[in-house]
Amino acid sequence: MSMWKGLHMTARAAHGIHVSSRFIHKHTRLCTRNISTSRPVQNDFFKDLENQFKAFREKAADAMPGSDWTPFEKNSSLPPERADIVIVGGGVVGWSIAYWLKQKEMIRDGVRVLVVERDPTYSQASTVLSAGGIRQQFSLPENIHLSMASADFMRNINEHLSVLNDDPVDLQFNHSGYLFLASEKVAHIMEENYSTQRYAGAKVSLLSPTQLKEKCPWINTDGVVLASYGLENEGWFDPWMLLNAFRRKAISMGVYQCFGEVTGFSYTTNTMTTAEGDKVDFRRIKYANVQMPNSLEYQPVECAIVVNAAGALSGKVAEMMGIGLGPKDTISGIPLPVEPRKRFIYVVHCPNGPGLDTPFLVDYSGVYFRREGLGGNYIAGMSPEEEEEPETNNLEVDHQFFQNIWPHLAHRVPAFECLKVKSAWAGFYDYNTFDQNGIVGMHPLVNNMFFATGFSGHGLQHSPAIGRAMAELILDGGFKTLDLSAFSFKRIMTKEPILERNIV
């Protein structure tokens, strides 16, 4: 038996018991009310008491699936002492996983889920600092299917994420599509991608330079040999609205949230000796230690499963379990190859720019832009070259970097020669340095830590489908609707990258 096969079988055996020990311990205390008896008239006392009972009954009527009210008091600052599943990271991927886990449970509170987020304001969260785009135009079938499933979820979002007595969810989904431009050098890649996309069921159209000019009269087609345009399921939306919709719905279904930081784990270790005589340590997490904000206080949370959905910080979370810290040329010495990469987005104003039907345009130079609102505003950006990657110790914007973007914008859209930069912001990609694709699944040596990270800029748009896939993997023991096994950690161990040719 090969070492990998032996490890795989051992990990599967451990994985098979991960939901058998449920931690359903309910810490409750009776709701009491301080009712004054100092009134001189006894009838007033009973009238007041009846009014309070009436208010209690009205609340009780709302205490059903879809309502976030509960008759038991909860301390929102501290996490529970026990949870079946702890999700590290309260971005859109983490909350999507939490929602789908509760969606799949057979009885209410059958699976106790805790989401831990370190940024209570979400001011530095990658989700809300993204460009908010969704597209089908990828080169890998897995990414195409993830986009199609997520777009379908978003089109029907109120069938999934509506909450009783709350306003309907409005993602402000703009269906203007993506428009990719190809030079002669890369036109053949666009044609190959088009075939893959059409075979997967995506609605995409190829345009000649003449057809492109007819569709977009404002564009300069110089250097463009071919264009690819998404006919449906593409455009952009409000990232905060999607994040908050998942969060609101998941909490209404019984998910616990905690604003704090996971600073370490307590775990057990079992050592196995391979046929070659090598010793391999298998670890299993018992507690996740959650540090409270601005405090020395921390809470150990007993758990059966940990989901590492910490985005740009997920590599550091993996290191807390010793992943990547073992001897070189061993499995334990292979790190989770995810690190933060800072990206800048600039808001520009151009009153005479492209109109309301402007798509999300991606030039072959790497520059992209899309319309932002109705007042002649646009957002634009570009990924830097590898040797120009900015520092990631803060979210400060390099305003000089726009000088690398503006010439390409002005060349492709002549009206942009007169644009004005109004503002800018920066956000982090959870960048997978191995192959820029997501890492989804269990670590082979930590048999109750699952990864959902490394999406390198397309985690937001794929979050609905990723959440469902993770819930299936955890609760059903395997993928059911979309097979994402190609994104497992195994490819990193075997050094077999799966490369996406349409990275933005």
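Modeller: By the rule that a disulfide is a pair of cysteine sulfur atoms within 2.5 Å, the count is zero disulfides. Keep in mind that this is a predicted model: local features need pLDDT of at least 70, side-chain atom pairs count only at pLDDT 80 or more, and totals for chains, interfaces and linings use all residues. Residues are numbered from 1 along each chain as its sequence is written, and side-chain values use heavy atoms, leaving out hydrogens and water.

Colleague: Is Cys-350 buried or exposed?

Modeller: Cys-350 is buried, at 2% relative accessibility. Buried means under 20% relative accessible area, exposed over 50%, partly exposed in between, with a 1.4 Å probe and protein chains only. Cys-418 is exposed, at 65%.

Colleague: New topic. Which residues of α6 are buried?

Modeller: Ala-187, Met-190, Asn-193 and Gln-197. Seen down the axis of α6, they fall within an arc of 115°, so they line one face of the helix. That arc is taken from the directions from the helix axis to the C-beta atoms.

Colleague: What do they pack against?

Modeller: They pack against α4, β4, β5 and β6. Contact means heavy atoms within 4.5 Å. Helices (H or I, at least four residues) and strands (E, at least two) are DSSP runs, numbered from the N terminus.

Colleague: And what follows α6?

Modeller: Gly-201, with a positive phi near 105°.
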